[in-house]
Amino acid sequence: MAAGRLSFRNITALAPMVRVGTLPMRLLALDYGADLVYCEELIDLKMVQCQRVVNEVLETVDFIAPDDRVMFRTCMREKDRVVFQMGGMGVALLSDPDKIEAILKKLVTGVSIPVTCKIRILPSVEETVSLVQRIEKTGIAAIAVHGRFKEERPRHPVHCDYIQAVAGAVSIPVIANGGSLDLVRTHADVEEFRKATSASSVMLARAAMWNASVFRSQGLLPVETVMEEYLRYAVQYDNHAFNTKYCLCQMLRDKVESPLGKQVQAAQTNAEISEAYGLQEFYQQTQDRLQTKRDTLQRSSQPSCPVMDGDIITMAIKFERREYPPQITPKMFLLEWSRREKLEQPRYKTVQRSQDRAFQSTVTVAKKKYRSSLWEKSKKFAEQASAIVCLRVLGIPEGRLGEDDSGLVCKRKREGRSNGNSEEERGKKLHVEAEASEPAAPAEGEGPNHPTQLAGTL
């Protein structure tokens, strides 16, 4: 199904390919001249379970599975040019034309956007033509024909005569597919394949997977250039690292065992893949830009006054290190205030979010819990943010630049380090020593209420 009214005549399309047709590859194909791009085949039952989410940071629309996987991601750049490929029983449906007809009729009458169909050829030309004519009557906008039998593999030659027979038997556009092995290697070959099949349009799979610049009318680019441009899109749109790696390995082909190929195969993150291609600076700049945007959006969407979230007091607060003197932190002020009030020292519990590995911390002080509703890039920053929430709710100074001296932290701590240790570290050490000098508590007194800092990362 294509998102918009478009023509399927005289076009060149990126074919649907499992694990390849994700957003970075589709955008790359469009950049190089593809008129239409198909996403990878997605199972319709799984998509029904997905939640549609507008990702304001990436400026995409995501369909998220219950296990937090991004099943489909799209953006405005491919609006009216992307085809959502729904998968049912695949080639098994070829033996059940009644079911094919029923499914297509249901789709055509149930949606307001064009519906297309893609098939493989049947054992004879007559059977293939008969099926396609039945399919045409359902009202679909176009049909793509992969010129191989269901048992044939890419190494087998494509049957252009079957596609040609189909093209002559129906009035809807026919999109020829399957020419990547021996017919299409460059952009100039696309028109030759079109002529050989008498089709309206051409759809490319492996030729595009190996080098997406096959869509480029000016000629092929070096695959190294194509890989770098693909990787930039993968980083920009936070593509899953293993999908990024898979696509790059397909482009490397016989060079997959080269030093670069081995480095790519060993990589576990997009950051490591970027390092293999010398794009560390681009990766970091992109991450910084996305984080800045994420922070801005979080601030604008969260209330600045305290809000109860269950039994936790929350505020939309970020820890900005530049707002505090070098040796002063909100955690230090909160610790000193707790000591002065003869309270147990603050306890921090931190969790990590799986989708972007950001952190959020909750601090417990005097049996009350405080947390920032915003997520931080590190565990340390998350703890500082929760400390700020607590201090501001209680009306306690937090040590920011320009703030009046509260006397909570002595001058020596403000001036810097002594004997190689920060005052916060030395303060903790003295606190531990002081506790150790007191009589030991009985064994049954130990447990969850023991005044020891707690931290947990999920």
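Predicted model: local features only at pLDDT ≥ 70, side-chain atom pairs only at ≥ 80, totals over all residues.

A residue counts as buried under 20% relative accessible area, as exposed over 50%, and as partly exposed in between.

**Nonpolar cores**
- The largest nonpolar core takes in 85 residues, and Ile119, Ile135, Ile143, Val174, Phe215, Leu248 and Tyr277 have the most contacts inside it.
- Helix 8 (residues 223–236) is the top contributor to this core, giving eight residues.
- Setting aside neighbours within four places in sequence, Val174 touches a handful of residues, including Ile143, Val145, Ile163 and Ser200.
- Another core of 23 residues lies apart from it, with Ile313, Tyr348, Leu391 and Ile396 among them.

**Salt bridges**
- You'll find 20 salt bridges in the structure.
- Lys369 pairs with Asp311, their closest N and O atoms being 3.5 Å apart. Lys369 sits in strand 17 and Asp311 in the loop between strand 13 and strand 14, so this pair ties together parts 58 residues apart in sequence.
- Glu323 and Arg400 form a salt bridge too, at 3.3 Å from N to O. Since Glu323 is in the loop between strand 14 and helix 13, and Arg400 in the loop between helix 14 and helix 15, the pair links parts 77 residues apart in sequence.
- Glu323 is partly exposed at 27% relative accessible area, and Arg400 is partly exposed at 32%.
- Glu383 and Lys331 meet at 2.7 Å, N to O, in a salt bridge; both residues are buried.

Notes: Residues numbered from 1 in each chain as written. Heavy atoms only, no water. Core = buried A, V, L, I, M, F, W, Y, C linked by side-chain atoms within 4.5 Å. Buried < 20%, exposed > 50% of the residue type's maximum accessible area, 1.4 Å probe, protein only. Helix = DSSP H or I, 4+ residues; strand = E, 2+ residues; numbered from the N terminus. Contact = heavy atoms within 4.5 Å. Salt bridge = Lys/Arg side-chain N within 4 Å of Asp/Glu carboxyl O.
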